[in-house]
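I opened my notebook to look up a few things in one protein model. The entries below follow the order in which I checked them.

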Amino acid sequence: MKKRGQGFTVSLMLMFLLAVVLAGCGSNNNAASSNAAATEAPAAANAGTATEAPATTEPAAEKPTVAFVYIGPPGDGGYTYQHDQGRLYMEKELGIKADFVENVPESADAERVITELAQSHDIVFTTSFGYMDFTLNVASKFPNVKFLHASGYKTAENMGTYFGKNYQASYLTGIAAGKMTTKNHLGYVGAFPISEVIYNLNAFTLGAQSVNPDIKVDVVWTNTWYDPATERQAAISLLDKGADVLLAYQDSPATLQAAAERGAYAGGNDSDMSKYAPDNYLTNPVWNWGPYYVKAVQSVMDGTWKSEQYSGDMADGMVELAPFGNKVPDDVKALVEEAKAKIISGELDVFTGPISDNQGNVKVQEGQKLTLEEVLGMNWLAKGVEGTIPQ
C-alpha cells in the first residue's frame, strides 16, 4: 500500500471517513477492494488525478529450476571446471541459481542421481558421455522435464544433446606440437578409446603432420576421465619412450605437470592450464559452455525449446584455443593463428582427404571431407598414430 500524503483538507478527510463507513456496511468480500479504493482516493486527489485507476503489475514469469550432473569435481582444473564456469555464467546472465551434483560415476548411480534431480527440477544437464543411456531412461519417465546431454548422440522429445567441434582446436594444438618437437615424437594420453577421444587424437596428429610430415604419435589409454595419478603415470611412460611433446585428453593437469618435471612441453584439455607449468605449456582446446547454457535455459523460459543435436565450433565460440605458453615462439603462434582463421572462415576443414589410417587404408579420398556424423562415429586411428584401439 502507498503511504498516505500529507496536508489533506478537512473535506477530503470527511470524504475518506464516509467511504470507510460505507465500506463497513458491505460484505466481507467487498471490504478489501473498498478499503483499497479509499486508501488510493486521498493520494490521487492530492496528486490532482482523482480519476486515474491504480497501476497494476503483472506477476513475473516463474524461472525454471536447473540442475547439473558432473563427472568430476569443479576444482579439477579441466572439463568439470569449465562446465561449472558455464553454470556460473548462466546464473549471472539469467538470475537463476542452479544446483549440481559432482563426482557422479558413469554407472547405475548416475541414473539414481538424475532421477532425484528430475523430481525437483525443470531442466537437467548431464555433462559426460557415459550418462547418455541413463539420461534417456530418466527422460522417458519425466516427460515434462527437459534433459540436455553433453557429447552423446541419443535424443528424445524431451532430451537433446550438445557438444562442439573441439577437434578443430586439437588440430591447431597439433600444429604447435609439430613445430616444437625436436624428436618428431609426440605422446597422447587418451581417456577412453571412444570416438570423442579418437577423433581428437587424429586431429592432433593431422595438425602436427601438416607442418612436420615425419611426426609419429604414441598413445596410452587410461580408461578414466579424472585420475591424476593414472594420468601422470601414462605421461611418464610416454616420456620414457622418447616423446618430447605431450597432449592429454583428460580432466586434470597431471600430464602437463609430469612433462614439466622432465623439461618437456605439453598441453592439457578443456581449459587454460598454463598456470600449472607456464614455461612448459603449449596450448590446448578449451570449452566455453556459458553462452550455450544461457541459450538453452532461455529457450525453455520462452517456450521455444525443442530437442536437437547442437554442435558448436570455433566460429560460434563454443570451442576455443587456450593462450600459448611462455616459451612458444612468435613464428609458431603466427602459424597456428593463420590456420585458426582459416578454420573459422570455413576455408580449412580438419578432416579433408587424403587421409589414411595407420593400417594403410584410405579413409578419406583426396578432396573429400568427412561429414559430422562420420567424425562423431570415428573408430580408426590416423596414419602416424602408434597403437591400436582396444576392443
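Entry 1, the cavity lining. I listed the residues around the largest cavity: Ile 71, Tyr 79, Thr 127, Ser 128, Phe 129, Ser 151, Glu 196, Trp 225, Tyr 249, Asp 251, Asn 269 and Asp 270. The model is a predicted one. Sorted by class, this lining has five nonpolar, four polar and three charged residues. I then looked up the volume of the largest cavity, and it is about 70 Å³. How many cavities of 30 Å³ or more does the structure hold? I found one. As background, I noted that rolling a probe the size of a water molecule over the atoms shows where empty space is left.

I looked up the secondary structure and got 12 helices and 15 strands for the protein chain. The chain has 391 residues, and 49% of them count as buried. Its accessible surface comes to about 18,500 Å². Carbon and sulfur atoms account for 50% of that surface. For contacts between residues at least 6 apart in sequence, I noted that 65% join residues at least 24 apart.

I picked β5, which covers residues 159-164. Are its residues mostly covered or mostly open? The strand is mostly covered, with six of its six residues buried. Which residues point which way from β5? Met 159, Thr 161 and Phe 163 point one way, while Gly 160, Tyr 162 and Gly 164 point the other way. Both sets are buried.

Next I checked the partners of β5. Strand β4, residues 146-150, runs parallel to β5 and is joined to it by four bridges.

I looked up the peptide bond from Gly 353 to Pro 354 and found it cis, with omega near 15°. Pro 354 is in the loop between α11 (330-345) and β13 (355-356).

Asn 184 is not a glycine, yet its phi is positive, at about 55°. I placed Asn 184 in the loop between α6 (167-180) and β6 (185-190). Is Asn 184 buried, partly exposed or exposed? Its relative accessibility is 26%, so Asn 184 counts as partly exposed.

Asn 223 is not a glycine either, and I noted a positive phi of about 60° for it. Asn 223 lies in the loop between β7 (216-221) and α8 (228-240).

Conventions: Residues are numbered from 1 along each chain as its sequence is written. This is a predicted model: local features need pLDDT of at least 70, side-chain atom pairs count only at pLDDT 80 or more; totals for chains, interfaces and linings use all residues. Side-chain values use heavy atoms; hydrogens and water are left out. On a 1 Å grid over the protein atoms alone, a cavity is a set of points where a 1.4 Å probe fits but cannot get out, and a pocket is an open set with protein on both sides within 12 Å along at least five of seven lines; lining residues have an atom within 4 Å of a point. Grid points are joined across faces, edges and corners, and a volume is the space filled by probe spheres set on the points. Ala, Val, Leu, Ile, Met, Phe, Trp, Tyr, Cys and Pro count as nonpolar, Asp, Glu, Lys and Arg as charged, and the others, Gly among them, as polar. Helices (H or I, at least four residues) and strands (E, at least two) are DSSP runs, numbered from the N terminus. Buried means under 20% relative accessible area, exposed over 50%, partly exposed in between (1.4 Å probe, protein chains only). Contact means heavy atoms within 4.5 Å. Accessible areas come from the Shrake-Rupley method with a 1.4 Å probe; for residues, only the protein chains shown count as cover. Two strands pair if DSSP finds at least two bridges between them.
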